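Here is a short report on one protein model. Please keep the sequence and the coordinates open while reading.

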Amino acid sequence: MVLGTGGKSAVSLEAPGESGIRARMRSSYVDGSSGDTVNSTAHGAWRYFTFTK
């Protein structure tokens, strides 16, 4: 997924009516993919989610 121009991105998890779904995501900056000159890849902390009804 690519960061949107407004600084946000959206994810759609398709599982209508389900509960107990666990997911995790984190932000990442990958060197070179944004066109700037920062020379390192960096990852944010994992964020964990549990979806309930």
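## Model and confidence

This is a predicted model. The mean pLDDT of the protein is 78. Residues that reach 70 or more make up 79% of the protein.

Strand β4 has the highest mean pLDDT, at 90. Strand β2, residues 28-29, has the lowest, at 77. Where pLDDT is low, the coordinates should not be read in detail.

## Secondary structure and burial

The protein has four strands and zero helices. Along the sequence the pattern reads β-β-β-β. Strand β1 covers 21-25 and strand β4 covers 47-51. Strand β3 covers 42-43.

How many of the 53 residues count as buried, as a percentage? The value is 2%.

## The nonpolar patch

Which residues make the nonpolar surface patch? They are Val11, Leu13, Ile21, Met25, Phe49 and Phe51. The patch has an area of about 490 Å². Strands β1 and β4 each supply at least two of its residues.

Ile21 is found in strand β1. Its relative accessibility is 31%, so Ile21 counts as partly exposed. A patch residue needs over 30% relative accessible area, so Ile21 at 31% passes that cut-off. Phe49 is also a patch member. Phe49 counts as partly exposed because its relative accessibility is 35%.

## Ring contacts

A search of the whole structure finds one aromatic pair. Phe49 and Phe51 form this pair, and it is stacked. The ring centres lie 6.5 Å apart, with 25° between the planes.

A charged side chain meets a ring elsewhere. Arg24 lies over the face of Trp46. The distance to the ring centre is 3.8 Å.

## Contacts across the sequence

Arg22 sits in strand β1. Arg22 and Tyr48 are 26 residues apart in sequence, and their C-alpha atoms are 7.4 Å apart in space. Arg22 has a relative accessible area of 73%, so Arg22 is exposed.

Where does Ala45 lie? Ala45 is in the loop between β3 and β4. Its relative accessibility is 61%, so Ala45 counts as exposed. Ala45 and Ser27 are 18 residues apart along the chain. Their C-alpha atoms are separated by 7.4 Å.

Leu3 lies in the segment before β1. Leu3 is exposed, because its relative accessible area is 59%. Leu3 and Tyr29 are 26 residues apart in sequence. In space they are 9.8 Å apart, C-alpha to C-alpha.

Technical notes
Residues numbered from 1 in each chain as written. Predicted model: local features only at pLDDT ≥ 70, side-chain atom pairs only at ≥ 80, totals over all residues. Heavy atoms only, no water. Patch = residues over 30% accessible without salt bridge, like charges linked within 9 Å, V, L, I, M, F, W, Y side chains within 5 Å. Areas by Shrake-Rupley, 256 points an atom, 1.4 Å probe, with all protein chains shown as cover. Salt bridge = Lys/Arg side-chain N within 4 Å of Asp/Glu carboxyl O. Buried < 20%, exposed > 50% of the residue type's maximum accessible area, 1.4 Å probe, protein only. Phe/Tyr/Trp six-rings, centres within 6.5 Å; stacked < 30°, edge-to-face > 60°. Lys NZ or Arg CZ within 6 Å of the ring centre and 35° of its normal. pLDDT = per-residue confidence, 0-100.
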